[in-house]
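Dear colleague,

I am handing over a structure that is new to you, together with an account of what was found in it. Please look at the sequence and the model below before reading on.

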Amino acid sequence: MREPLRLNEGIDSWNTAIFLYRSALKEVGTKVEILNDEFQQVHQYNPIEYVKSRVKSPESIVKKLRRRGYESTIGNMITYVNDIAGIRIVCSFTSDIYRLAEMIGKQNDLKVISIKDYIKHPKESGYKSYHMLVTVPIFLTDRVIDTKVEIQIRTMAMDFWASLEHKIYYKFEGNAPEYISRDLRECSSIVSMLDAKMLQLNDAILEARVAQIE
Ligand code: 0O2
């Protein structure tokens, strides 16, 4: 079998690139759905609350390239923007995040390129999430192309925080007043406390159920 090509080899049109990113999102989305269904069947429990996916808008791609000092070319976008295809998995509990990440990492046809654990190492802003950059092979009629997808896995509380912070970031164009940034960092600590408490409660409920059965 021929070695898969990387997406930056021989892709020179916007439409082809976007088609590949969309296809990669479908592939990864289906894998995640199957993992969730299997988990439900085996453990009678769904680790995933909801999944969202998107292809980054052309404006955001151009902005990201400009921020990093690159010209807006198809080649640069494919090489330097890792989150053009993005899928976000939202779970109830932090333990689900690591369980899912492990299950995704074991999928033979996915290559894990990098992992950023912003839960163990939150960003300065207070941002928490688990990021996996993977490639998935897309089988075309005459070639196979490894295509990048960024998978973000986080709890509902982390997602709530991130979407509010994202709005504030855009509203102030990255220069929010210090008191807002401070409050956001404080809220991020509250998110961690809430996640820990919810996990404890869930464990207590599970233990009580087991005790009832015995
Ligand atoms: P948008 O508008 O959400 O698309 P890399 O090239 O991968 O090494 P990058 O892209 O900075 O560098 O990677 P990282 O850290 O994995 O961030 C990718 C995405 O994670 C961001 O995309 C955001 O969606 C999210 N993210 C990262 N940091 C923060 C943060 O502090 N707050 C919030 N709300 N989201 C964050 P974009 O393109 O920056 O933004």
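This is a predicted model: local features need pLDDT of at least 70, side-chain atom pairs count only at pLDDT 80 or more; totals for chains, interfaces and linings use all residues.

Overall picture

By that definition, the secondary structure of the chain comes to 6 helices and 6 strands. In sequence order these elements follow the pattern β-α-β-α-α-β-α-β-β-β-α-α. The C-alpha trace spans about 60 × 50 × 20 Å along its principal axes. The chain has 214 residues, and 40% of them count as buried. Among contacts between residues at least 6 apart in sequence, 66% join residues at least 24 apart.

The accessible surface of the chain comes to about 13200 Å², and carbon and sulfur atoms account for 54% of that area. As for charge, there are 30 positive and 29 negative side chains, with the centres of the two sets 5 Å apart.

The ligand and its surroundings

The ligand is surrounded by 19 residues, of which the closest are Lys 56, Lys 64, Tyr 118, His 131 and Glu 165. A polar side-chain atom of Lys 64 lies 2.5 Å from an oxygen atom of the ligand. For His 131, the corresponding distance from a polar side-chain atom to a ligand oxygen atom is 2.7 Å, and for Arg 68 it is 2.9 Å. Taken alone, the ligand exposes 750 Å², and the protein buries 79% of that.

The loop residue Gln 44

Where is Gln 44 placed? Gln 44 belongs to the loop between helix H1 (14-43) and strand E2 (48-55). Most residues other than glycine have a negative phi. The phi of Gln 44, in contrast, is near 50°, a positive value in a residue other than glycine. Gln 44 has a relative accessible area of 59% and therefore counts as exposed, since the cut-off for exposed is over 50%.

With a relative accessible area of 41%, Lys 52 is partly exposed. Not counting residues up to four places away in sequence, Lys 52 touches Gly 86, Ile 87, Arg 88 and Asp 159. Lys 52 and Ser 163 are 111 residues apart along the chain, and their C-alpha atoms are separated by 13 Å.

Thr 94 is in helix H4 (residues 94-105), while Thr 155 is found in strand E6 (residues 144-155). Is Thr 94 buried or exposed? Its relative accessibility is 17%, so Thr 94 counts as buried, the cut-off being under 20%. Thr 155 also counts as buried, at 0% relative accessibility.

Leaving aside neighbours within four places in sequence, Thr 94 is in contact with Ile 119, Thr 155, Met 158 and Asp 195. Which side chain makes a polar contact with the side chain of Thr 155? That partner is the side chain of Asp 195, at 2.8 Å.

With kind regards

Technical notes. Residues are numbered from 1 along each chain as its sequence is written. Side-chain values use heavy atoms; hydrogens and water are left out. Helices (H or I, at least four residues) and strands (E, at least two) are DSSP runs, numbered from the N terminus. Buried means under 20% relative accessible area, exposed over 50%, partly exposed in between (1.4 Å probe, protein chains only). Contact means heavy atoms within 4.5 Å. Accessible areas come from the Shrake-Rupley method with a 1.4 Å probe; for residues, only the protein chains shown count as cover. Lys and Arg count as positive and Asp and Glu as negative; His and the chain ends are not counted. The place of a charge is taken as NZ of Lys, CZ of Arg, CG of Asp or CD of Glu. A residue is near a molecule or strand if one of its heavy atoms lies within 4 Å of it. A polar contact is a pair of N or O atoms within 3.5 Å; within protein, one must be able to donate a hydrogen and the other to accept it, and residues adjacent in sequence count only if both atoms are side-chain atoms.
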